[in-house]
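I opened a new structure today and kept notes on what I looked up. The entries follow in the order I made them.

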Amino acid sequence: MSEKPEERRNSKPPKATLFDELRALSLVFSPAEIVTILTKNAGITTMHGTEIGTLEPGKLADIVLLDASPLENIRNTQQIWRVIKGGRLFDPASLRVGRPA
């Protein structure tokens, strides 16, 4: 019996899917352009560019602090050190659904 399309689509964990998308983007764009696509352009595309997408006074933001620069290698976006969410600092492991903090 073959898989249904939604089963195939959901068979990879989100981190692996993100890595696949970053790898594809890196064939065409520089790391700096990819960071812009994932932040500023995402806010604009979702029609919320005045509220999210860049770090500016008055905008909503959850901030991801990385261990390494994504401008050197876009895969460094997966080297998450801490997350600032709702003004509080978190270890990223404590934010993972279904995993103990």
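**Entry 1: salt bridges.** I looked up the salt bridges, taken as a side-chain nitrogen of Lys or Arg within 4 Å of a carboxyl oxygen of Asp or Glu, and the structure holds four. The model is a predicted one, in which local features need pLDDT of at least 70, side-chain atom pairs count only at pLDDT 80 or more, and totals for chains, interfaces and linings use all residues. Residues are numbered from 1 along each chain as its sequence is written, and side-chain values use heavy atoms, with hydrogens and water left out.

**Entry 2: D20 and R23.** I found one of the salt bridges between D20 and R23, with 3.0 Å between the closest N and O atoms. Both residues lie in helix α2, three residues apart, about one turn of the helix. D20 is partly exposed at 25% relative accessibility, and R23 is partly exposed at 45%. For these words I used under 20% relative accessible area for buried, over 50% for exposed, and partly exposed in between, with a 1.4 Å probe and protein chains only.

**Entry 3: K85 and D62.** I noted another salt bridge where the side chains of K85 and D62 meet, at 3.2 Å from N to O. K85 lies in strand β2 and D62 in the loop between α4 and β1, so the pair ties together parts that are 23 residues apart in sequence. Relative accessibility is 41% for K85, which is partly exposed, and 48% for D62, also partly exposed.

**Entry 4: E56 and K59.** I also listed the salt bridge of K59 with E56, whose closest N and O atoms are 3.1 Å apart. E56 is partly exposed, at 42% relative accessibility.

**Entry 5: the chain.** I counted four helices and three strands, in the order α-α-α-α-β-β-β from the N terminus. Helices (H or I, at least four residues) and strands (E, at least two) are DSSP runs, numbered from the N terminus. Of the 101 residues, 12% are buried.

**Entry 6: the largest pocket.** How much space lies in the largest pocket? I have about 1200 Å³. Of the 30 lining residues, L18, V64, L66, T77 and I80 are the closest to its centre. A pocket here is an open set of points on a 1 Å grid over the protein atoms alone, where a 1.4 Å probe fits, with protein on both sides within 12 Å along at least five of seven lines; lining residues have an atom within 4 Å of a point. The volume is the space filled by probe spheres set on the points. Elements that each supply at least two residues of the lining include α2 (14-26) and β2 (80-85).
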